[in-house]
Amino acid sequence: MGMGYLILAGAIMLFSWLVSSRLKSKFEHYSKLQLQNGMSGAEIAEKMLADNGIRDVRVISTPGRLTDHYNPADKTVNLSEAVYNQRNAAAAAVAAHECGHAVQHAVGYQWLTMRSKLVPVVNVASTYMQWILLAGILMMKTFPQLLLVGIIIFAATTLFSIVTLPVEYDASNRALAWLENKRMLTQQEQAGAKDSLKWAARTYVVAALGSIATLLYYVSIYMGGSRRD
């Protein structure tokens with residue numbers, strides 16, 4: 001299983017690099033496709049919120065690159081500086097996608113609710129998980145239960161990555177549907193927005209697969225140690 005895991009992990013890392021590289025090139029390409037309506041990412045976001053009857057969510061600019069996110073705690077759509085200010089197909093796609101999460105929050109989308117409940121658990125788990133797993137492997141012969149604890153904690157983060165998939169795909173679907181129904185973009189711009197979000201979603205698929213593979217690896221170590229005992 002050790003060699004098999006290394007091969008699988010290597011394949012996932014390669015796939016992750018390919019997807020990330022492709023995503024970067026796609027966003028660079030569609031960032032050059034200027035919107036004929038002349039709207040910025042912030043304006044796209046504000047209009048989508050208004051069209052969905054959402055009045056209590058603010059659209060704000062946040063420093064950095066690829067820092068776009070929706071915060072359900074303070075009801076803010078946080079757009080990176082480039083997305084907030086630029087007027088291109090990539091910015092429109094990202095802005096509408098983040099507003100898709102705000103719409104999910106407003107309608108009580110169950111997968112978003114579940115993911116939000118997992119956030120505190122994942123935050124705590126990420127702090128101690130690696131240390132517990134390492135200690136559990138080193139103490140496998142004397143205290144195998146410690147590794148089991150680490151596996152349970154890691155399983156929570158894997159669950160989070162799995163739950164994230166429907167949340168992200170649904171947000172993209174809501175964004176693209178609104179952009180099309182309101183005729184916000186030209187046919188070429190709409191195709192660019194769809195392509196951008198497709199590749200962005202694939203990064204979450206790779207992350208989920210990597211987490212599942214790693215979880216199975218730790219389970220195999222625990223099961224192997226238990227059988228030897």
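This is a predicted model: local features need pLDDT of at least 70, side-chain atom pairs count only at pLDDT 80 or more; totals for chains, interfaces and linings use all residues.
## Exercises on salt bridges, helices and a sheet

D195 has a relative accessible area of 12% and counts as buried.

**Exercise 1. Work out which parts of the chain the salt bridge between R87 and E43 ties together.**

Solution. 
- Step 1: Confirm the pair: the side chains of R87 and E43 meet with N and O 3.2 Å apart.
- Step 2: Locate the two ends. R87 is in the loop between α3 (81–85) and α4 (89–107), while E43 belongs to helix α2 (residues 41–51), so parts 44 residues apart in sequence are tied together.
- Step 3: Look at accessibility. R87 is partly exposed at 37%, and E43 is partly exposed at 32%.

**Exercise 2. Say how many residues apart R174 and D170 are, and then describe each one's accessibility.**

Solution. 
- Step 1: R174 and D170 form a salt bridge whose closest N and O atoms are 2.5 Å apart.
- Step 2: Both belong to helix α6 (residues 144–181), where they are four residues apart, about one turn of the helix.
- Step 3: R174 is partly exposed, with 26% relative accessibility, whereas D170, with 17%, is buried.

**Exercise 3. Determine how α2 and α6 are oriented to each other, and which residues make their contact.**

Solution. 
- Step 1: The two axes come within 11 Å and cross at roughly 90°.
- Step 2: Angles of 65 to 115 degrees count as roughly perpendicular, and α2 and α6 are therefore roughly perpendicular to each other.
- Step 3: On the α2 side, I44, K47, M48 and D51 make the contact; on the α6 side, R174, A175, W178 and L179 do.
- Step 4: Sort these by class: the contact has five nonpolar, three charged and no polar residues.

**Exercise 4. Find the order of the strands in the sheet, and say which ones lie at its edges.**

Solution. 
- Step 1: Three strands form an open sheet with mixed pairing, in the order β1-β3-β2.
- Step 2: β1 (58–62) and β2 (69–71) each pair on one side only, and these are the edge strands.
- Step 3: From one strand to the next, the twist averages 30°.
- Step 4: Follow one pairing. β1 and strand β3 (residues 76–80) are parallel over five bridges, and R58 has T76 in β3 as its bridge partner.

**Exercise 5. Describe the protein as a whole: its secondary structure and its burial.**

Solution. 
- Step 1: Count the elements: there are seven helices and three strands.
- Step 2: Along the sequence they follow the pattern α-α-β-β-β-α-α-α-α-α.
- Step 3: Of the 229 residues, 45% are buried.
- Step 4: Finally, the C-alpha atoms fill a box of roughly 70 × 35 × 30 Å along the principal axes.

Technical notes. Residues are numbered from 1 along each chain as its sequence is written. Side-chain values use heavy atoms; hydrogens and water are left out. Buried means under 20% relative accessible area, exposed over 50%, partly exposed in between (1.4 Å probe, protein chains only). A salt bridge is a side-chain nitrogen of Lys or Arg within 4 Å of a carboxyl oxygen of Asp or Glu. Helices (H or I, at least four residues) and strands (E, at least two) are DSSP runs, numbered from the N terminus. Axes are lines fitted to C-alpha atoms, for helices over the stretch in contact, and angles run from 0 to 180 degrees between N-to-C directions. Angles under 35 degrees count as roughly parallel, over 145 as roughly antiparallel, 65 to 115 as roughly perpendicular and the rest as oblique. Contact means heavy atoms within 4.5 Å. Ala, Val, Leu, Ile, Met, Phe, Trp, Tyr, Cys and Pro count as nonpolar, Asp, Glu, Lys and Arg as charged, and the others, Gly among them, as polar. Two strands pair if DSSP finds at least two bridges between them.
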